[in-house]
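Hi everyone, thanks for coming. Let me put the model up on the screen, and then I'll walk you through two spots in it.

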There are 2 protein chains.
Amino acid sequence: MKTTEKITDAELEIMKVLWNRKSLTLNEIVGELSKEEPKNKSTIKTLLYRLIDKKMVKSVQKNKKENEYKPLISEKKYLKNANENFLEKLYDGNVDHMLLNFVEDKKITKEEIEKLLKIIDE
Amino acid sequence: MKTTEKITDAELEIMKVLWNRKSLTLNEIVGELSKEEPKNKSTIKTLLYRLIDKKMVKSVQKNKKENEYKPLISEKKYLKNANENFLEKLYDGNVDHMLLNFVEDKKITKEEIEKLLKIIDE
DNA sequence: AAATTTGGATTACAGTTGTAAACTATAAAT
DNA sequence: ATTTATAGTTTACAACTGTAATCCAAATTT
């Protein structure tokens with residue numbers, strides 16, 4: 001089961017805006033990411049290039065001056081992989097153990113679980 | 001909420017054996033870690049030293065020749081922190097979203113949820 | 001047409017991480 | 001007492017990461 005190529009934390013922030021909006025120019029990405037605190041455009045360029053190298057993002061000419069960047073991997077697929085890695089690394093793949101910890105830390109409440117049960121019985 | 005100092009993947013493997021056995025000498029650690037595939041003792045030494053630097057492990061003289069290494073942070077506390085980081089980084093802290101993904105990926109089944117409900121009603 | 005701006009592309013650089021060798025002092029063996 | 005082995009400690013080094021500057025070529029402005 002080939003592991004999806006690793007995305008670093010900083011790169012992930014880029015992917016998140018691409019997943020949200022499907023396709024964006026550099027400036028749009030910078031704009032999105034700078035909503036909280038302004039981000040350096042040069043840094044974002046680098047991250048974008050690294051994602052392109054990793055085949056996570058593709059770059060398509062949009063107009064004379066700008067390219068558009070599009071995610072090549074879906075958020076779902078990425079999350080699936082990340083979930084598995086997390087579970088394996090911290091809980092040796094034991095979901096029960098993981099859930100129990102979340103419940104103990106009050107991250108998961110009874111209400112949440114019941115809600116989940118309902119959804120499963122869809 | 002000061003974040004617990006970061007433990008890297010390789011360091012985590014060391015912590016895991018310490019958490020399991022409470023206190024071990026270098027050779028015992030190497031032994032534990034080498035059950036699957038042999039590990040380089042020198043590498044393990046480095047990781048141990050880094051953990052000591054980070055105040056995650058302390059070193060106590062055991063006998064004339066050897067020290068004993070003990071975890072300074074509990075597994076529970078580490079996991080709590082790691083859970084929070086994971087949740088925040090990938091799901092913006094939204095547990096429901098996370099759970100739903102695990103369910104979709106068949107990582108969590110209905111049985112598991114019902115088991116969990118029982119435990120909560122302890 | 002020349003100057004300026006700007007996105008795309010490359011290069012830089014320090015800190016972290018995985019991996020391991022080198023060095024040192026002392027316990028154990030001879 | 002001398003040699004040898006080894007735990008403890010320090011140093012090394014390349015790949016990866018976060019951050020950003022520099023370079024280049026084309027579009028836009030003057």
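**Around DNA strand C**

Let's begin with α3(B), which gives the largest share of the surface near DNA strand C, 5 residues. Helices here are DSSP runs of H or I with at least four residues, strands are runs of E with at least two, and both are numbered from the N terminus. "Near" means that a residue has a heavy atom within 4 Å of the strand.

A word on the source: this is a predicted model, where local features need pLDDT of at least 70, side-chain atom pairs count only at pLDDT 80 or more, and totals for chains, interfaces and linings use all residues. Residues are numbered from 1 along each chain as its sequence is written, chains are lettered from A and ligands numbered from 1 in the order in which they are written, and side-chain values use heavy atoms, leaving out hydrogens and water.

In total, 22 residues surround DNA strand C, and N27(A), Y49(A), N67(A), T8(B) and T46(B) are the closest. For polar contacts, take pairs of N or O atoms within 3.5 Å; within protein, one must be able to donate a hydrogen and the other to accept it, and sequence neighbours count only if both atoms are side-chain atoms. From chain B, a polar side-chain atom of T43(B) sits 3.2 Å from a phosphate oxygen.

Finally, K54(A) lies in the loop between α3 (41-53) and β1 (57-61) of chain A. Its side chain reaches the backbone oxygen of K6(A) at 3.0 Å. Thanks, all!
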